[in-house]
Amino acid sequence: MAFDQDTVRRTAHLARIALPQAEIPAVADQLERIMGLVEELRAIETTDVTIMAHPLDLDQPLRPDMVVHQDQREVLMASAPAAEHGLFLVPKVIE
């Protein structure tokens with residue numbers, strides 16, 4: 001994929017990135033190289049490769065799912081400037 005300066009400008013605009021005019025040629029070159037690497041990766045044959053979530057075959061130690069903190073809602077809500085039915089009341093910001 002070719003990244004000319006106009007494509008870089010449009011992409012930067014869509015991404016809301018302020019890109020100085022002087023940097024556009026360098027960014028275009030970097031994007032060309034990135035897309036070249038992507039194309040190299042696409043060319044690799046992976047049909048016989050097993051899908052994995054992690055490169056090392058390790059077990060994930062999990063802790064037991066136990067409640068360790070008691071309900072402290074009343075204590076925490078006591079410091080709220082305004083609360084109702086266990087919820088914080090905040091000023092309306094959208095009219």
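Helices here are DSSP runs (H or I, at least four residues), numbered from the N terminus. This is a predicted model, in which local features need pLDDT of at least 70 and side-chain atom pairs count only at pLDDT 80 or more, while totals for chains, interfaces and linings use all residues. Residues are numbered from 1 along each chain as its sequence is written, and side-chain values use heavy atoms, with hydrogens and water left out.

H1 spans residues 5-14, and Thr7, Val8 and Ala12 are buried there (under 20% relative accessible area; exposed is over 50%, partly exposed in between, with a 1.4 Å probe and protein chains only). Seen down the axis of H1, the buried residues fall within an arc of 130° (taken from the directions from the helix axis to the C-beta atoms), so they line one face of the helix. His13 and Leu14, on the other side of H1, are exposed. Helix H2 (24-43) is included in what covers the buried residues of H1.

Now to the charged side chains. The whole structure has 4 salt bridges, each a side-chain nitrogen of Lys or Arg within 4 Å of a carboxyl oxygen of Asp or Glu. Three of them are listed here, among them two in H1.

| Pair | N to O distance | Helix |
|---|---|---|
| Arg9 and Asp6 | 3.8 Å | H1 |
| Arg10 and Asp6 | 2.7 Å | H1 |
| Asp29 and Arg33 | 3.4 Å | H2 |

Asp6, Arg9 and Arg10 are linked in a network of salt bridges. Asp6 is partly exposed at 39% relative accessibility, and Arg10 is partly exposed at 47%.

Terms used: Contact = heavy atoms within 4.5 Å.
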